[in-house]
Amino acid sequence: MNDNPAEKRRLAVLERYGIVGSPAPADLDGIVRLAARVCETPQAAVNIISADEQHQIAAVGIAPSVCSRSDSMCAVSIKAPGQVLVEDARLDPRFSSNPWVTAPTGAVRFYAASQLRSPERETLGTLCVFSGQTRSLTTQQSRALEDLASLVVGVLDLHRHRQLVHHALLAADQARTELERSNTALEQFAGQVSHDLRNPLTGVSGHAGLLAELPAVTKDTHAAAFVERIEQAAARMNRTIEGALSLARFGGKLDITQTDLGELVRDVLEDLRAGLTEAEAQVRVGALPTISCDAVQMRRLLQNLIANAAKFRRPDRLPEIQVSCANDADGWDLRVADNGVGIPAAERSRVMEPFVRLDTGTQGFGIGLANCVRIAVAHRGTLSIDDGIDGGTSVTCHIPYPPGLG
């Protein structure tokens, strides 16, 4: 293992190129042929130096091969401050004992190498030309070799970018496939849950209807009022089940209508009455407008947010919940704020993901806020979490105006 920090950085950059052990870009073959022609040498190669080996990823005059880094002439050249030019390698102490120079046949005499420097200024390897005859390069040939080395790096950069795009497209395709699979599973799950809920709900509605006709109920205004609440709650639950199933369907559309948020909140508070009363929660509702939204889904969102505000309360004070809605040039900001335990800023993004629970001691599955995000996004909006009342939580659902308004 190499403990040299500079070499670690170089190898990290080299790894990002993904060229070791992979097919080399075809354009490199043309560059090495041009290098050999311009420099008037029989051989040229693009050599990439990894941790332990030299990889000839393109070559002319010899077959591309892999050799040990300790046997590589270019492994020495990558450490030089600039272009390496050797007229007779037998006379250069850096290369005189190198196997490429001492070989019985085909021994290298003349050798010139220009470093392949990445945009990060790390040296990946060299573009080298060589011959079995001693010689030199003209100034123009030397400059041309430098220019061609820069061109090699350009080809490698293009290859890297193509790989990144390919991987991104592959990841997107995999994500799309997974999304389709998840949506199918979600639709099936929602359909089963809806079926399982409808059966007992139908029984509740039916018995409530029968109960409402009993003389003992019709003659008692309080009993009649309770039965009416049961029937209304059952009807709202049925609409919620239908809405949940619709939203779960892949490509399901919202039923956008002009919705009185004040009336919607009153329905939600009625459904949550028992829990709010038990928590001794004080709910303050500001002036709420009529907005364009899916009433069923927006009721689910409000129910989740208000229920959470009462559930995650502090033990040292009674819950205070504020429901308000403001508008700006872009749309409506529906906000539910509380004075509860609050959510740390660092955790606010995470808690909006499915099945994430910060307080495992409180009942729940960690899907309430995730559902709220889904509802907001379905309305082309966003959900955000900020500081609430006296250290509590404030959740804002931004719903943009319909096209043509605002």
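Which residues have the most contacts inside the largest nonpolar core? The legends below refer to a predicted model.

**View 1. The largest nonpolar core and its contributing elements.** This core comprises 36 residues, and those with the most contacts inside it are Leu261, Met298, Leu301, Leu302, Ile306, Ile321 and Leu383. At least two core residues are supplied by each of α8 (261-271), β9 (290-294), α10 (295-311), β10 (320-327), β11 (331-338), α11 (368-378), β12 (382-387) and β13 (393-400). Helix α10 provides the largest share, seven residues. Another core, of 29 residues, lies apart from this one and includes Ile31, Leu116, Leu124 and Leu137.

**View 2. The surroundings of Ile321.** Neighbours within four places in sequence are left aside here. Ile321 is in contact with Leu276, Ala281, Gln282, Val283, Arg284, Ile306, Ala309, Ala310, Val336, Ala337 and Asp338.

**View 3. The aromatic pair of Trp332 and Tyr401.** Two aromatic pairs are counted in the model. In the one formed by Trp332 and Tyr401, the arrangement is edge-to-face, with 4.8 Å from centre to centre and 75 degrees between the planes. Trp332 belongs to strand β11 and Tyr401 to the segment after β13, so that the pair links distant parts of the chain, 69 residues apart. Trp332 counts as buried because its relative accessibility is 11%, under the 20% limit. Tyr401 likewise counts as buried, at 13% relative accessibility.

**View 4. Arginine side chains over aromatic rings.** Arg135 is placed over the face of Phe110, 5.3 Å from the ring centre. The charged end of Arg160 lies over the ring of Tyr17, at 4.1 Å from its centre.

Key:
Residues are numbered from 1 along each chain as its sequence is written. This is a predicted model: local features need pLDDT of at least 70, side-chain atom pairs count only at pLDDT 80 or more; totals for chains, interfaces and linings use all residues. Side-chain values use heavy atoms; hydrogens and water are left out. A nonpolar core is a set of buried Ala, Val, Leu, Ile, Met, Phe, Trp, Tyr and Cys residues joined through side-chain atoms within 4.5 Å. Buried means under 20% relative accessible area, exposed over 50%, partly exposed in between (1.4 Å probe, protein chains only). Helices (H or I, at least four residues) and strands (E, at least two) are DSSP runs, numbered from the N terminus. Contact means heavy atoms within 4.5 Å. Rings of Phe, Tyr and Trp (its six-membered ring) pair if their centres lie within 6.5 Å; planes under 30 degrees apart count as stacked, over 60 as edge-to-face and the rest as tilted. A charge sits over a ring if NZ of Lys or CZ of Arg is within 6 Å of the ring centre and within 35 degrees of the ring normal.
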